[in-house]
Amino acid sequence: MTGLDLRQLTTMIAIAEEGTFSRAADRLGYTQSSVSQHIAALEKTLGGSLFDRPGGPRPVRLTPLGTVVLERGRELLAKAEALERAVERFKAGHGRIDIGTLQSASNVILPTVLRRLRDERPNCEIRLSEADPGEAHIEDHDLLFYDGSIGNDVEHVLLMEDPYLVVAQPGDLPDGPVPADTLHGKAMVAWPTTCDQPRLEKSLAHAGAQPQVVFRSAGNEEILAMVRAGIGLAVLPWLAIHHVVCRDCGMIHGSEGWPDLQVHDIVPTPTRHIYLRWPPGRRGQSPLADRTAEIAIEVSRELARQAPSVQRDISTFD
């Protein structure tokens, strides 16, 4: 069946509830002739009569076909109204958004983004998932915070350059910025060889440093615990540790009985790129996703102003 008009269905339901064509016309703000035309057109579409018309002031009665149409028609109109409300919420920037993220963004960038988004759109539904390192699937998300590449057709914006820093026990390295080649041969606790880690290690090698990786973990706290235990130093991005670095002394303070850790700049400075990515053609279709992206850019720029300066030497570092 094609050509079903929801306005005609609304008219039919009003007649069934009011009992007469004239009262339905008053309720809907139509003329009685318009109501009659709606019903005639609907009966033609459905191929049968919907009402028995006794004539005069007596109420009309539903035919068996009319009873079926009334029941299902109410369900259909309820779904149509729900769809209309959903579209209105979508256009107003509400609705639902699926966001993929990586560990550093989850700890630093995303909480501020989500707090601001919630303040603006308290009724939106936000679904989060942390992307598996090296195995992020853009089609699963409206937006994805990620520090790796995901195909050439994925659209993106660079949120910030995140500088790598050395974390070591006090006295393990000279005070102040550390030349990259100082790390050559030293024991290092590192992330797994996913996402940006291979590029970091390649960059250090270009700068004359090949530390000896003695332990790998995807958890930043686990890496810092190993550094405190004297297993080796770590080279971690600023976003991964900035929330635990003391602003007054630049140290990472240990709990009772555990040593504080010293944070050093590296010269030249390796950086990783934090991108916000989305499926091709998706921007502009969801006001909620678009606004989330705008907030993420604003928050990242604010963070970038707090990050250590990047010291490059393009002759020795790529």
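Helices and strands here are DSSP runs, numbered from the N terminus. The model is a predicted one.

Two packed helices are described by the angle between their axes and the distance between the axes.

Helix α1 covers residues 6-18, and helix α2 covers residues 21-28. Their axes come within 8 Å and cross at roughly 120 degrees. That angle makes α1 oblique to α2. The crossing of these two helices is right-handed. On the α1 side, the contact is made by T10, T11, A14, I15, E17 and E18. On the α2 side, F21, R23, A24, R27 and L28 take part. By class, the residues of the contact of α1 with α2 are 5 nonpolar, 2 polar and 4 charged.

Helix α2 also packs on helix α3, which spans residues 32-46. The axes of α2 and α3 come within 8 Å, and the crossing angle is roughly 105 degrees. Angles of 65 to 115 degrees count as roughly perpendicular. The helices α2 and α3 are therefore roughly perpendicular to each other. From α2, the residues F21, S22 and A25 meet Q32, V35, S36 and I39 of α3. The contact of α2 with α3 has 4 nonpolar and 3 polar residues, and no charged residues.

The crossing of α5 and α9 is right-handed. In α5, the contact residues are V108, I109, T112, V113, R116, L117 and E120. They meet L288, R291, T292, I295, A296, E298, V299, S300, E302 and L303 in α9. The residues of the contact of α5 with α9 divide into 9 nonpolar, 3 polar and 5 charged.

The cut-off for buried is under 20% relative accessible area. R291 has 16% relative accessibility, so it counts as buried. Beyond its neighbours within four places in sequence, R291 is in contact with R116, L117, E120, R121 and E298. Of these partners, R116, L117 and E120 are among the α5 residues that meet α9.

A contrasting case is L83, in helix α4 (residues 64-91). L83 has a relative accessible area of 56% and is therefore exposed. L83 and I138 are 55 residues apart along the chain, and their C-alpha atoms are separated by 27 Å.

Most peptide bonds are trans. V267 and P268, however, are joined by a cis peptide bond, with omega about -10 degrees. P268 lies in the loop between strands β12 (261-267) and β13.

Key. Residues are numbered from 1 along each chain as its sequence is written. This is a predicted model: local features need pLDDT of at least 70, side-chain atom pairs count only at pLDDT 80 or more; totals for chains, interfaces and linings use all residues. Side-chain values use heavy atoms; hydrogens and water are left out. A crossing is left-handed if the near helix is turned anticlockwise from the far one by less than a right angle, and right-handed if clockwise. Helices (H or I, at least four residues) and strands (E, at least two) are DSSP runs, numbered from the N terminus. Contact means heavy atoms within 4.5 Å. Ala, Val, Leu, Ile, Met, Phe, Trp, Tyr, Cys and Pro count as nonpolar, Asp, Glu, Lys and Arg as charged, and the others, Gly among them, as polar. Axes are lines fitted to C-alpha atoms, for helices over the stretch in contact, and angles run from 0 to 180 degrees between N-to-C directions. Angles under 35 degrees count as roughly parallel, over 145 as roughly antiparallel, 65 to 115 as roughly perpendicular and the rest as oblique. Buried means under 20% relative accessible area, exposed over 50%, partly exposed in between (1.4 Å probe, protein chains only).
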